Every structure is written in C-alpha cells, then in structure tokens.
Amino acid sequence: MAEAPPPNANEGCVGPTSSSAGKSSACAGCPNQAACSSGTFSSPAALAAKEKERSDLQNALSNISHIVLVLSGKGGVGKSTISTQIAQALSSRGYSVGLLDLDICGPSIPRMAGVTSRTVHQSQSGWEPVYANPNLGVMSISFLLEEADAAVVWRGPRKNGLIKQFLVETDWGVGGLDYLIVDTPPGTSDEHISIVQYLNDARPMMDGGASGAIVVTTPEEVSMADVRKELNFCKKTKVPVLGVVENMSGLQMKLSDVQFLKGGLDWNGEDCTQQALEILKEKCPEVLSMMICTDIFPSSGVGPSGMASQYNVPYLGKLPLDPNLLKACEEGVSFVEKFSGSPAAKPLNDIVDRLILALPVDDDDGEEDMAS
Ligand code: ADP
C-alpha cells in the first residue's frame with residue numbers, strides 16, 4: 001500500500017516510501033527530507049515495523065464507531081470543557097463513550113471529569129480506563145504519573161510513543177465505543193500530527209482516520225486567526241470538520257446573581273450587593289428575575305459563524321459564558337444534567353444533537369439510534 005504523506009509534509013509529497021522520497025523537488029525544506037532520503041522509511045525492517053504498527057492500531061480501533069478530535073487555536077478558549085461536557089452528555093444519553101486526553105503537558109480532563117485520584121490498571125487486555133460513570137471511560141497521562149501535579153516536559157518522539165500506546169493499549173471494554181472524544185493541546189503540534197497520522201494509517205477506509213473534528217474558538221479575531229490554521233490543518237490532513245463552536249460568546253446571568261460594587265471602575269470597590277438587591281426588590285422587583293447579558297469578547301468581522309461559512313464547514317452554535325459550566329467542570333459533573341436550566345445547557349445539548357446527527361451510531365438491529 002502506498003504510504004500516506006506525513007501530516008507535516010510539504011505540498012506535493014511523493015510519499016515516504018516512494019523511490020524519489022527525499023529527492024523530489026517537492027521535498028526541498030520538508031522536515032522529513034533527511035529521513036526520507038536516507039531510506040529510514042523504506043528499508044525492509046522499517047516497512048515491516050510500519051505494517052505491524054498499522055495492524056496493531058487497526059485491531060485496537062476496530063470497535064470504536066466514531067473518533068472525534070476537539071481542536072482549538074489557543075489555550076483557554078474552552079476546548080477541554082467542551083470535550084468533557086460533550087462526552088458527559090453523550091454518556092448520559094446512553095452512548096458508550098471514551099474521553100482521551102492528549103494534552104500531555106497540560107492535562108485537565110481528569111479534574112473536569114471528576115476522576116482525579118484514580119490510576120489506570122494494567123490488565124491482560126491492556127490499560128483499563130478510569131470510569132467517570134459506567135458509560136464514560138477516561139484515559140490521560142495524569143493517571144500514569146506518581147504525582148498529579150508533576151510537570152511533564154517531554155519532546156515530540158516521547159509524546160508520539162505515548163499517543164500510540166494510548167491508542168493501541170487502552171482497553172475500552174468488550175462492547176467497544178460509540179464515540180471516542182479526543183481532547184488535543186492548543187495549536188497544531190506534534191500531538192496533532194501524530195494522532196492524525198496514526199488514525200489515517202489505522203482507518204484508511206474513511207475519508208480521514210478521524211471521523212471528524214470539532215473546532216473551538218472564542219468570538220474575537222485573536223482566537224479566530226489561530227483557528228483558521230486549525231481549519232487549514234484539517235483540510236490538509238483530510239480530517240472532516242464537524243463544525244465550529246463559538247465559546248464564551250457573551251455572558252448571561254440572572255440579575256439577582258450579580259455582585260454590585262460601590263464606586264466607579266474600581267476593582268476594590270466596596271461590595272454593596274445586599275443594599276442594591278433590597279432597592280431593586282422594593283422599587284422594581286420584576287427586574288430581579290431578568291437576565292443580564294454582555295459581550296465580554298465582542299465578535300470581530302464576520303465572527304465565527306461567518307468564518308465557518310467562508311471555510312464551508314458547519315457552524316455548531318454559540319455557548320455563552322456560564323458560571324455553572326465552570327462550576328460543573330470544577331466539580332467534575334455533567335453540566336447538562338446538573339444545571340439543565342442554565343443558559344449554556346440548551347446550546348450544549350443542541351451541539352450534541354448535531355454531533356449525533358452527523359455521526360449516527362447503529363443500534364444492535366443495525367438501525368440508527370435517534371438522539372434523545
Ligand atoms: P482550553 O482547554 O481551551 O485550554 P478550558 O476548557 O480549560 O480551555 O477552559 C478554561 C477555563 O474556562 C476553565 O476553567 C473552564 O471551565 C472555563 N470555561 C470554558 N468555557 C466556559 C464557558 N462557556 N463559561 C464559563 N466558563 C468556561
């Protein structure tokens with residue numbers, strides 16, 4: 001089988017096992033040129049090792065219906081939050097879900113899924129994930145560290161090795177998974193290149209090895225500029241984009257939950273919440289049940305929805321800044337279950353509906369399950 005170009009290869013890559021690998025004009029300046037021209041990828045031993053890797057990955061991933069990568073251009077835009085809460089919501093609808101934390105240097109999934117103090121067990125069939133609930137297994141480097149807060153300072157090859165181990169050795173259970181949600185680090189780094197390459201090798205029957213990617217951005221240009229690079233990465237690596245999620249899009253909360261301060265723009269202004277609430281209660285009580293709404297990160301230009309249409313990919317909707325979403329992640333619980341009336345709950349459920357619609361799962365009779 002002709003070898004697919006590595007995701008970090010130049011345009012027009014002839015393939016690492018081609019006879020002109022490393023020598024073609026397209027190879028100039030490619031990070032793989034030296035390895036390709038020295039035959040690193042095309043020696044009989046390299047080809048046999050590659051074939052074994054491919055079949056190990058194929059076996060390990062064969063009983064996972066859909067693999068969804070969650071990407072963002074920047075850190076702090078809510079990628080891990082969205083990965084975790086989508087996984088929680090799918091699992092509470094009865095799907096069998098895995099949540100794989102590929103943010104090797106900054107893993108936050110175990111905390112957000114409420115499974116910080118657990119370790120993985122090694123069984124004969126591989127690493128057993130840690131279960132947040134009976135339908136949701138979690139795998140993260142955090143479970144392999146002696147101290148949860150230890151700094152992981154690893155270079156690319158070591159990270160790649162661990163990613164392959166996660167894919168090959170995690171035993172997601174007898175029935176396999178309906179969805180594997182993969183939280184990746186921000187940007188397009190070694191971890192992205194590795195996972196896409198492993199998935200493309202293991203699942204060549206699909207358009208891309210991953211079933212698709214959800215791309216998370218906040219509304220302002222600083223975040224969107226980096227997200228365009230993610231969208232270009234998906235295009236180059238043939239990972240279908242399931243859609244763009246606009247996160248932290250405005251803040252909505254009940255007026256009665258707001259803190260009032262005395263004085264102008266002074267952070268240290270004296271708290272006068274009680275007094276303000278009493279005045280409102282007396283003079284205009286109807287206001288207390290109203291929501292307040294403000295744009296913390298105002299949308300730039302065409303905004304994330306316009307960017308999605310420019311790239312011809314779906315727009316999955318906007319999630320407001322919602323203190324209860326943060327709280328659910330701090331407590332390690334399912335946001336849509338515990339805070340079903342909170343402003344971000346309906347938009348998050350809508351995103352999950354659209355994901356299920358895009359990637360349906362056959363039930364035991366071969367019929368597609370309907371979103372509940
Ligand atoms: P990333 O994975 O992109 O680095 P995180 O998911 O860790 O970002 O989010 C950063 C912080 O912002 C977390 O504390 C998270 O709970 C919070 N957060 C993310 N999205 C929202 C939101 N819509 N409303 C409130 N808090 C949010």
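Into which domains is the chain divided? I looked that up before anything else. The chain splits into domain 1, made of 62-250 + 297-358, and domain 2, which covers 253-294. I'm working with a predicted model here. I also checked the spacing: the C-alpha centres of domain 1 and domain 2 are 37 Å apart.

**Entry: the binding site**

Next I went to the UniProt record. Its entry is unreviewed, and it puts a "binding site" at Gly73, Lys74, Gly75, Gly76, Val77, Gly78, Lys79 and Ser80.

I found Gly78 in the loop that runs between β1 (64-72) and α3 (79-92). Buried or exposed? Gly78 has 10% relative accessibility, and buried means under 20%, so Gly78 counts as buried. Setting aside residues up to four places away in sequence, I saw Gly78 touching Val216, Asn247 and Met248.

Lys79 sits in helix α3. Its relative accessibility is 6%, so I noted Lys79 as buried too. What does Lys79 contact, leaving aside its neighbours within four places in sequence? I wrote down Val70, Leu71 and Ser72, then Asp103, then Asp183, Thr184, Pro185 and Pro186, and finally Val216. Val216 was already in my notes as a contact of Gly78.

**Entry: the ligand**

How many residues surround the ligand? I got 16, and the closest are Gly76, Ser80, Thr81, Asn247 and Asp322.

Then I went through some polar atoms. A ligand oxygen lies 3.1 Å from a polar backbone atom of Val77. Another check gave 2.5 Å between an oxygen atom of the ligand and an N or O atom in the Thr81 side chain. For Asn247, an N or O atom of the side chain is 2.9 Å from a nitrogen atom of the ligand.

How much of the ligand does the protein bury? Taken alone, the ligand exposes 560 Å², and the protein buries 83% of that. I also asked which elements give two or more residues to the shell around the ligand. They are α3, β9 (241-254), β11 (315-321) and α10 (323-331).

**Entry: Asp178**

Last stop, Asp178. I found Asp178 in strand β7, residues 177-183. Why does Asp178 count as buried? Its relative accessible area is 18%, and the cut-off for buried is under 20%, so Asp178 makes it.

Notes:
Residues numbered from 1 in each chain as written. Predicted model: local features only at pLDDT ≥ 70, side-chain atom pairs only at ≥ 80, totals over all residues. Heavy atoms only, no water. UniProt positions renumbered as here; feature names shortened; annotations may be inferred. Helix = DSSP H or I, 4+ residues; strand = E, 2+ residues; numbered from the N terminus. Buried < 20%, exposed > 50% of the residue type's maximum accessible area, 1.4 Å probe, protein only. Contact = heavy atoms within 4.5 Å. Domains from an automatic or database assignment. Near = heavy atom within 4 Å. Polar contact = N/O pair within 3.5 Å; in protein donor to acceptor, adjacent residues only side chain to side chain. Areas by Shrake-Rupley, 256 points an atom, 1.4 Å probe, with all protein chains shown as cover.
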